[in-house]
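Open the structure in your viewer and keep the selection tool at hand. The stops below go from one selection to the next.

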Amino acid sequence: MRDFILGQTGIKVSELCFGALPMGPLQKKMEPAAGAEIILQALAGGINFIDTAQLYQTYEPIRLALHKCAVRPVIASKSMALEAEGMTTAIEECLRQLEIDYIDIFHLHAARVPEGEDVFKTRAGAWQVMLDYKEKGLIKAIGISTHSVPAVQLAAENNEVDIVFPIINRTGIGILNGTLEEMEKAIEKCRQHGKGVYLMKALGGGCLVNEYHAAVSFVRERFSLPIAMGMVNSREVEYNLAYFNTAADKLNTLPELVIEEKCFQVVDFICKDCGQCIETCPNHAISKLAPESKPVINPDLCLRCGYCVGFCPQFAIRMT
Ligand code: SF4
Ligand code: SF4
């Protein structure tokens, strides 16, 4: 498998990054020991890069895997904290729960702000904490994960940013405040400014899973950058490893990957109509069709990220 150095950080990662979101309680709800086995399979196959987040609640399977692997992988995590106190808690939690001495990469998670605002100003307290932990050597590189074109543009121009983790895919699903073409330009701008970049949602969170080859090859050929992909079972790990280890001119010979499609729904009779999921959804996929109705999820906009699941106080959003 190819590997890449992320910008000017010196951090060397495999082209395929193990996305730890789907195994956690927001989606598959795997037992930590079972999740750890999947991670170990991926690491044994040549992946050395794991992407997780405070929100994903997947530190435990990663910790279990770290205990069993000879070489420590690169670990990226992130927090949605808006202020200093929440960010301090998030970073300490990451260090403690993973039982590690330092975090390779830490992001401002979901760095999305309306056009015209600056996420590094609106979340200045949280960002300063990340800078302080980097100064102390407890974080090696800092950055943002985002669906927002203006946030990627801002990150490119910010000298304090080491790494940017934006969404990109061939249909542009999930890109906020701009077009696919504008996101491509923003990513290129990051590269020109020496930022390390790795990419999320090449499969649109699962929306493009039935066109795996077209979707993944679009991102690989267009950008030649590491790509994070969620994996929840042995078959997916095997397929992804085979795909990323196969020469470009032989990819058409691989069978198509069969992945279960996932779908998120609000369970109407459990929902208390608090509206928190509407605020949380990164792609504005949840709305009320009438003032008196409960929220519904638009499958055409849903990225299958499961973030709304974690924010619903009633556990009324289920993956089916
Ligand atoms: S409704 Fe929104 S938050 Fe929920 S899974 Fe879909 S994209 Fe994610
Ligand atoms: S967060 Fe949960 S309870 Fe609140 S409106 Fe959404 S589904 Fe209903």
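The model is a predicted one.

**Stop 1: the sheet**

Select the strands in the order β9-β8-β7-β6-β5-β4-β3-β10: these 8 strands form an open sheet with parallel pairing. Its edges are β9 (196-197) and β10 (227-230), each of which pairs on one side only.

Strand β7 (residues 139-146) runs parallel to β8 and is joined to it by 4 bridges; Thr-146 has Pro-166 of β8 as its bridge partner. Towards β9, the pairing is again in the parallel sense, over 2 bridges, and Ile-163 stands opposite Gly-196 of β9.

**Stop 2: two helices**

Select α2 (residues 59-68) and α3 (residues 84-98), whose axes come within 8 Å and cross at roughly 40°. The two helices are therefore oblique to each other. To see the contact, show Tyr-59, Glu-60, Ile-62, Arg-63 and Leu-66 on α2, and Cys-94, Gln-97 and Leu-98 on α3. By class, the residues of this contact are 5 nonpolar, 1 polar and 2 charged.

**Stop 3: two loop residues**

Go on to Glu-99, in the loop between α3 and β6 (103-108). Glu-99 is not a glycine, yet its phi is positive, about 55°. Is Glu-99 buried or exposed? It counts as exposed, because 11 C-beta neighbours lie inside 10 Å and the cut-off for exposed is 12 or fewer.

Then select Phe-315, in the loop between α11 (307-311) and β14 (317-319). Phe-315 also has a positive phi of about 55° without being a glycine. With 11 C-beta neighbours inside 10 Å, Phe-315 counts as exposed.

**Stop 4: the ligands**

Select ligand 1 and the 14 residues around it; Cys-281, Cys-302, Leu-303, Cys-305 and Cys-308 come nearest. The shell of ligand 1 divides into 10 nonpolar, 3 polar and 1 charged.

Finish at ligand 2. Which residues are closest to ligand 2? Of the 13 that surround it, they are Cys-271, Cys-274, Gln-276, Cys-277 and Cys-312. In the shell around ligand 2, 8 residues are nonpolar, 3 polar and 2 charged.

Notes: Residues numbered from 1 in each chain as written. Chains lettered and ligands numbered in written order. Predicted model: local features only at pLDDT ≥ 70, side-chain atom pairs only at ≥ 80, totals over all residues. Axes fitted to C-alpha atoms, helices over the stretch in contact; angles between N-to-C directions. Parallel < 35°, antiparallel > 145°, perpendicular 65-115°, else oblique. Contact = placed C-beta atoms within 7 Å. Nonpolar A, V, L, I, M, F, W, Y, C, P; charged D, E, K, R; others polar. Near = placed C-beta within 6 Å. Pairing = 2+ DSSP bridges. Buried ≥ 20, exposed ≤ 12 C-beta atoms within 10 Å, placed from the backbone.
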